[in-house]
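The sequence and structure are shown first.

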Amino acid sequence: MTALSPYQQTLRDRLLAVPVVAAPAPWRPVFESCAAVGGLLGIGFATHPDSGDDLLMVVSHDGHGLFDAVSGERLARDRDPDPGSSTPDTTADLTCPGLGPVAGHRVHIAGLFGGGLHTTATGGWSVDVVAPAWPNERVLLSRGSGMPHSDPHGERWWHIFHSDCSELRAVGFSPSGRTLAVATSSDVTLWTRAPSR
């Protein structure tokens, strides 16, 4: 086993030392803490056809759900989806059939079976997953270019989520960049921000 370089050890120690903090403005949490979803397999984003708001589709062992990513309201639920399309691994493009206002459309799902969400958003925002104490992963939100983690914690980077109880499934922004999601095997945490003007 190769030892960490002094730089790597310093970075690891820094990441281990910082506490979880609230995401900075303009981000605000959608749920009071999180939305419990037992047996979560993956998540994906869609756009509401009428309002243009972000929607979050959740795929779990207990079926499919669709949430308004601004209010957190559950818009639709399918407890018994077609077994042939109930998980994203049944298609080459990792999609599941939409429901509620996006019925008739396919939604890309990121999570246990692969896939991914956007790691950057307008305004210079980015999100990273690090594991300085693997297998417990941490989600870091940052703003700006370069190596923001060299700045003091809470200035250009924030440790916003620590996955120490459940397995991390997916982390990322919606295509619009207005929603940030963290999904674990047991819950979903969302942050939202107003559209850019």
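Does Cys-34 count as buried, partly exposed or exposed? Cys-34 counts as partly exposed, because its relative accessibility is 33% and the buried class ends under 20%. The structure is a predicted model.

**Cysteines**

Zero disulfides turn up in a search of the whole structure. Cys-34 is in none, and the nearest cysteine sulfur, that of Cys-165, is 10 Å away; a disulfide would need the two sulfur atoms within 2.5 Å. Cys-96 has a relative accessibility of 0% and therefore counts as buried.

**Aromatic pairs**

The count of aromatic pairs comes to four. Two of them are set out below.

| Pair | Centre to centre | Angle between planes | Class |
|---|---|---|---|
| Trp-27 and Phe-173 | 5.8 Å | 40° | tilted |
| Trp-125 and Trp-158 | 5.9 Å | 40° | tilted |

The pair of Trp-27 and Phe-173 is tilted because its planes stand at 40°, and the tilted class lies between the stacked limit of 30 degrees and the edge-to-face limit of 60. This pair links distant parts of the chain, 146 residues apart: Trp-27 is in the loop between helix 1 (6-17) and strand 1 (28-29), while Phe-173 is in strand 14. Trp-27 is buried at 5% relative accessibility, and Phe-173 is buried at 0%.

Ring pairs join Trp-27, Trp-125, Trp-158 and Phe-173 into a cluster.

Strand 14 pairs with strand 15 in the antiparallel sense over five bridges, and Leu-168 stands opposite Thr-184 in strand 15. The two strands form a hairpin with five residues between them, and Gly-177 in the turn has a positive phi of about 80°.

Ser-174 lies in the loop between strand 14 (168-173) and strand 15 (179-184). Is Ser-174 buried or exposed? Its relative accessible area is 1%, so Ser-174 is buried. Apart from neighbours within four places in sequence, Ser-174 is in contact with Phe-45, Asp-54, His-118 and Thr-179.

On its other pairing, strand 15 runs antiparallel to strand 16 (residues 187-192), joined by five bridges. Leu-180 has Trp-191 as its bridge partner in strand 16. A hairpin through two residues connects strand 15 to strand 16.

Strand 15 is mostly covered, with six of its six residues buried. In a regular strand the side chains alternate between the two faces of the sheet. Thr-179, Ala-181 and Ala-183 point one way from strand 15, Leu-180, Val-182 and Thr-184 point the other way, and all are buried.

Five strands form an open sheet in the order 6-5-4-3-9, with antiparallel pairing. Which strands stand at the edges? Strand 6 (74-78) and strand 9 (110-111) do; each has a single partner strand, so one side of each is left without a neighbour in the sheet. Within this sheet, strand 3 (residues 40-47) and strand 4 (residues 54-60) pair in the antiparallel sense over seven bridges. Gly-42 stands opposite Val-59 in strand 4.

Note on methods
Residues numbered from 1 in each chain as written. Predicted model: local features only at pLDDT ≥ 70, side-chain atom pairs only at ≥ 80, totals over all residues. Heavy atoms only, no water. Helix = DSSP H or I, 4+ residues; strand = E, 2+ residues; numbered from the N terminus. Buried < 20%, exposed > 50% of the residue type's maximum accessible area, 1.4 Å probe, protein only. Contact = heavy atoms within 4.5 Å. Phe/Tyr/Trp six-rings, centres within 6.5 Å; stacked < 30°, edge-to-face > 60°. Pairing = 2+ DSSP bridges.
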